[in-house]
Structures are given as structure tokens and as C-alpha cells.
Amino acid sequence: MAFYYAEPSRTFNEFLLLPNLTKKDCVPDNINLMTPVTKYKQGEESELRLNIPLVSSIMQAVSNDSMAVALARNGGLSFIFVSQSIEAQAEMVSKVKKFKAGFVVSDANVRPEDSLIDVVKLKEQTGHSTIAVTDDGTSHGRLLGMVTSSDYRISRADYSQKVKEFMTPFHKLVVGKEGIALSEANDLVWAHKLNCLPVIDKEQRLLHLVFRKDYELHKANPYELSDDKKRLLVGAGINTRDYTERVPALLKAGADVLCIDSSDGFTEWQSDTLSWIKNTYGEKVKVGAGNIVDKEGFLFLAEAGADFIKVGVGPGSICITREQKGIGRGQASALIEVAQARNEYFIKTGVYIPLCSDGGIVHDYQIVLALAMGADFVMMGRYFARFDESPTKKLMIGSNFVKEYWAEGSNKARNWQRYDLGGNKELEFEEGVDSYVPYAGALKENVNLTINKMKSTMCNCGAKSIPELQQKARITLVSSTSIREGGAHDVILKENNLKEI
Ligand SMILES: NC(=O)C1=CN([C@@H]2O[C@H](COP(=O)(O)OP(=O)(O)OC[C@H]3O[C@@H](n4cnc5c(N)ncnc54)[C@H](O)[C@@H]3O)[C@@H](O)[C@H]2O)C=CC1
Ligand SMILES: O=c1[nH]c(=O)c2[nH+]cn([C@@H]3O[C@H](COP(=O)(O)O)[C@@H](O)[C@H]3O)c2[nH]1
Ligand SMILES: [K+]
């Protein structure tokens with residue numbers, strides 16, 4: 001006979017946190033959001049920790065290198081999406097590892113023999129008006145000059161004119177030498193009234209550009225997440241098919257942690273993948289697994305060697321897996337049961353396995369709720385897709401800006417070879433939708449606001465750290481009428497266009 005759960009499965013929306021005594025030192029400045037990513041033994045510390053408990057989803061529409069850089073600079077971590085070729089994914093990882101704050105790789109480059117028309121086209125394509133002239137037209141070729149808008153006048157221009165005739169030649173450029181510190185580069189920018197300083201190596205090859213306008217961006221990032229060589233941390237998704245080739249390539253590119261990306265982690269595909277990684281590399285390579293929604297799934301992946309475990313089947317904003325396959329569980333119920341299993345496992349074995357709550361976060365407070373329920377960090381897709389740094393197009397719909405956001409199980413994402421499951425194409429069905437999300441601006445401002453709100457909630461709960469919150473939180477179910485009580489009610493909201501009379 002089938003097994004029946006006694007309780008219905010519940011979502012984050014059905015719970016609230018109660019205030020605990022807030023002591024006077026429990027203020028936002030004193031709240032520590034550091035959290036473990038990978039498993040550790042009792043009395044030891046996790047080898048990989050986040051400064052804020054947020055990671056971005058393993059999705060084409062969310063986690064590329066620009067998202068990874070922005071998020072790591074603010075204390076969280078991205079897992080670069082796996083639904084692309086091994087080479088392309090490794091290249092993204094490598095870009096994050098090579099990132100140096102304030103030093104950009106030039107993305108608009110020409111050869112001296114190219115013409116003004118090429119410059120104009122390139123400017124249109126990239127949106128950048130500072131163009132490097134290198135011997136081979138690549139971003140790391142030998143630097144021969146620079147072109148900016150002030151070097152030519154479109155109205156009078158002869159489009160066939162060669163770049164070498166109007167560029168600012170190398171001997172007139174102020175340049176920085178390889179190894180220059182950002183502060184020194186900025187001093188040169190200011191001393192010579194430059195807009196851009198090229199940095200070159202001993203062979204005069206172009207390495208980076210340092211822009212005056214980026215100066216503001218170089219302000220301290222107190223949460224920045226980096227390794228012992230001051231390189232940003234980055235994660236990468238893997239699948240249960242091509243891991244013998246993908247994992248070595250990602251590690252070579254510098255990935256700090258891996259995570260198996262799947263809707264269903266309770267499979268022998270996953271235990272095989274984990275075994276292969278641990279047998280090949282031992283414990284030094286860290287890999288998360290999932291997704292699961294119950295104690296059985298947790299224990300299976302824990303025994304298989306997962307360094308962290310991801311919880312969530314079907315809660316995501318773009319997910320239709322529950323509708324399509326009838327598989328899933330309310331995210332709160334899933335997390336509560338898995339967290340209890342994790343705590344029991346810790347008591348029994350002395351090994352603490354961090355949990356990641358994946359999908360379904362709609363309000364900032366729900367992040368705190370997920371942490372209070374036992375998650376160590378949360379993975380979000382919709383949240384991050386809204387920002388400038390996500391890989392998707394920003395569009396105008398009506399009078400609003402939106403960004404594209406599509407599911408990994410949508411046809412759009414599946415136009416990628418791993419979805420050739422060998423079966424009849426006509427029998428395939430989508431497990432996610434293609435959508436838009438409201439555009440929200442830069443990651444930094446949004447994450448700062450979210451962190452501020454989370455700290456405020458934690459102050460009410462009298463918890464100065466995530467472990468303390470997990471210990472102390474008091475959580476209540478809410479009835480549907482108390483949800484109504486929680487919003488503005490029985491008043492006429494002013495923003496409802498009441499004109500003054
Ligand atoms: N968290 C969620 O609720 C959901 C997430 N998704 C996302 O969609 C994407 C695709 O997820 P899935 O379809 O679960 O991908 P998947 O690659 O894990 O599984 C696809 C299919 O391939 C099979 N399979 C896996 N490894 C195999 C191997 N080595 N040999 C033969 N067959 C194998 C699986 O059993 C499954 O039928 C992921 O990005 C996932 O995160 C999709 C649905 C729900
Ligand atoms: O049912 C699904 N079908 C899909 O095609 C799909 N693609 C992604 N995901 C999962 O959704 C998470 C992001 O959720 P949010 O947008 O709510 O943050 C992600 O982190 C994934 O766990 C999918 N789930
Ligand atoms: K399964």
C-alpha cells in the first residue's frame with residue numbers, strides 16, 4: 001500500500017516568525033551572516049563559507065560570469081550554468097577567477113589596418129566607445145594605439161580611413177605595467193586626466209583597461225568572497241552524464257565548488273557521479289547534490305558523499321514540474337523534514353551537512369524563514385534574473401522594463417544537447433516556462449537592501465548569527481485570515497490614484 005503523509009505539504013507563505021527578546025547588542029551591525037557551504041566535522045569549520053547566505057541558480061538566464069563576479073563581490077556565490085558546452089562553461093569559470101576589481105578585459109578591439117567603418121560598427125555592437133588597437137585585433141594582442149570618440153568626427157568622416165591614421169598611437173599613450181595595483185592605476189588616471197588607462201605586459205601585450213568612470217565601483221566591498229590568492233570564489237553546475245569530462249575541465253578552470261543540477265537527486269545517477277568525483281579526487285573537491293525533499297533522499301545523498309544537499313522539487317517561480325509530472329512537495333514541509341534529518345545525522349555521525357533551500361523565495365523575509373527552518377543558504381533564480389548582471393536581455397514592455405527569465409526545463413534552455421535523452425522528440429514535454437521578470441537595477445543595491453531587511457528580521461528574533469537563529473527561532477503556521485491581517489487592510493490606500501479635490 002502507498003505511504004500517506006499525515007500532514008499536508010506547506011509553503012513559506014504559510015509561516016511567520018515570532019519575536020524573541022532582543023538584547024541591546026542585537027543590532028544590524030552586530031549580525032554575522034557567515035554560513036557554511038560544505039560539510040565539516042563537529043568542532044571543525046567548513047572549508048568553504050559564504051559571507052552572505054545567498055547563491056544564484058544554476059540557470060542559463062541567471063548565472064554567467066558577470067553574475068558570478070557581482071555576487072561574489074557582495075559575499076555570495078554563483079553556480080555557473082551547466083546547460084552549455086564544457087568549453088563555454090569552463091571559460092566562464094575562468095573569467096571569474098581572472099577577474100580583478102577595476103581591471104577590465106577590453107571587449108572592443110581592432111587592427112591598425114581596419115577602417116573607421118569597423119570602429120563605428122564595433123561601437124554599435126558593444127556599446128563601448130573606447131577601442132583598443134592591437135596587432136591581431138584581439139583583447140590581448142600587442143597594443144599599438146587607442147581610439148576614442150574624440151579621435152574622429154562622424155559628420156566629416158571618410159569611412160574607409162584606416163585606423164592607424166587617426167588612432168592615438170602607442171608612443172603617445174600613458175600606460176600601466178603588469179602588476180600595477182588598482183590604487184596606482186587610479187593615481188595615473190587622475191594625474192594624466194585620462195578616461196582610460198591600458199595595462200600592458202613586458203611584450204607590450206594588452207592585459208586590461210582601467211576606467212576613470214569605474215572608480216566609484218571600487219569602493220570597499222566588505223563582504224567580498226575570495227580565495228587565499230584574492231581571486232573571487234565561483235561554483236559550477238554539473239550533470240550526471242558527462243561528468244568524467246566536465247569536472248576535470250571545470251576544476252582546471254578554477255571552480256571552487258561543484259553542484260549536481262537536477263530536479264531529482266534521489267537517483268543512482270547522482271550516487272554514481274558523487275562516487276566518481278570522490279574516488280578520483282578525494283575530499284579536496286567539493287560537490288553538492290540534489291534536489292531532494294525528504295529524509296530518505298537526504299540520507300541517500302549524505303551516504304553517497306555529498307558536501308551539501310539541495311532541497312526543493314517544484315517550488316520555483318518558473319517551475320511546472322508539479323503540474324506536469326505530479327512530483328514535488330511544499331518547500332517549507334520539505335525543508336523542515338530534511339533539516340530534522342540533517343540534525344539527527346549530525347548527532348549520530350558528528351558530520352554537519354549544510355542544506356541549500358532552492359527555489360520559491362518571493363519575499364526577503366522568506367530567506368530568514370528558510371534559514372530559521374534549517375537551511376544554511378538559499379538558492380534563487382527569479383531574484384537574481386532581475387538584475388543588470390544577469391545574462392538575459394532587458395526589454396521594455398508597455399511602460400515597464402523587464403528582463404527575460406526562462407526555466408532550465410523549458411524548450412528554450414533545452415535547445416542544448418544534454419536534453420537529447422535518446423527518446424522520441426515528439427514525446428518530450430516542458431517542465432518550466434519562459435517568462436519576464438520586472439527589471440530591478442544593479443545587484444549591489446538590491447542585495448544590500450535584502451541583507452538589511454534580513455538583519456532587521458533577525459534582530460526581532462534576537463539572533464546574531466544564522467546558527468543562533470536556527471536554535472532560537474519560533475515559527476508559527478498562519479491561517480488564511482491571519483495572512484489577510486498581515487497586509488494593509490480596511491484602509492483606502494493613497495496610491496490607489498485618489499485625486500486630491
Ligand atoms: N528543482 C526543481 O524542482 C526542478 C528543476 N528543474 C531543472 O531543470 C533542469 C533539468 O532537470 P532534470 O530534467 O531533472 O535533469 P537531469 O539531467 O537530472 O535528468 C533528465 C533525465 O535524464 C535521466 N538521467 C540522468 N542521468 C542519466 C544518465 N547518466 N544516464 C541515463 N539517464 C540519465 C534522468 O533520470 C531524467 O529522466 C535542471 O536545471 C533542474 O534544476 C527541472 C524541474 C524541476
Ligand atoms: O520545475 C522546474 N522546472 C524547470 O524547468 C526549472 N528550472 C529551474 N528550476 C528550479 O527553480 C529554481 C529557481 O526558483 P525561483 O525562480 O523561485 O528562485 C532553480 O534554482 C531550480 O531549482 C526549475 N524547476
Ligand atoms: K527518484
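Ala, Val, Leu, Ile, Met, Phe, Trp, Tyr, Cys and Pro count here as nonpolar, Asp, Glu, Lys and Arg as charged, and the others, Gly among them, as polar. On that basis the shell around ligand 2 divides into nine nonpolar, twelve polar and four charged residues.

This is a predicted model, in which local features need pLDDT of at least 70 and side-chain atom pairs count only at pLDDT 80 or more, while totals for chains, interfaces and linings use all residues. Residues are numbered from 1 along each chain as its sequence is written, and chains are lettered from A and ligands numbered from 1 in the order in which they are written.

**Overall form**

The protein chain has 16 helices and 24 strands; helices (H or I, at least four residues) and strands (E, at least two) are DSSP runs, numbered from the N terminus. Its radius of gyration is 25 Å, close to the 23 Å that the globule rule gives for 501 residues, so the chain is as compact as a globular protein of that length. The radius is taken over C-alpha atoms, and the rule is 2.2 Å times the number of residues to the power 0.38. The C-alpha trace spans about 80 × 70 × 55 Å along its principal axes. Of the 501 residues, 40% count as buried. A residue is buried if 20 or more other C-beta atoms lie within 10 Å of its own, exposed if 12 or fewer, and partly exposed in between, with C-beta atoms placed from the backbone.

**Ligand surroundings**

A residue is near a ligand if its C-beta atom, placed from the backbone, lies within 6 Å of it. Ligand 1 is surrounded by 24 residues, the closest being Thr 240, Ser 262, Ser 263, Trp 269 and Glu 408. By class, this shell has five nonpolar, 13 polar and six charged residues. Around ligand 2 there are 25 residues, of which Gly 316, Cys 319, Gly 381, Gly 409 and Gly 432 come nearest. Strand 20 (377–380) and helix 12 (382–385) are the elements that give two or more residues to the shell around ligand 2.

Leu 116, Val 119 and Leu 122 are the buried residues of helix 3 (residues 116–126). Seen down the helix axis, they fall within an arc of 120°, so they line one face of helix 3; the arc is that of the directions from the axis to the C-beta atoms. Glu 124 and Gln 125 are exposed on the other side. Just after helix 3, Gly 127 takes a positive phi of about 75°.

All five of the five residues of strand 9 (residues 143–147) are buried, so this strand is largely enclosed by the rest of the structure. Strand 9 pairs in the antiparallel sense with strand 8 (residues 131–134) over four bridges and with strand 10 (residues 168–169) over two bridges; two strands pair if DSSP finds at least two bridges between them. Thr 134 stands opposite Leu 143, and Met 146 has Thr 168 as its bridge partner.

**Backbone features**

| Residue | Phi | C-beta atoms within 10 Å | Exposure |
|---|---|---|---|
| Lys 230 | near 65° | 9 | exposed |

Gln 204 is in the loop between strand 12 (196–200) and strand 13 (206–211), and Lys 230 in the loop between strand 13 and strand 14 (235–238). A cis peptide bond, with omega about 5°, joins Gly 290 and Asn 291; Asn 291 lies in strand 16 (residues 287–292).
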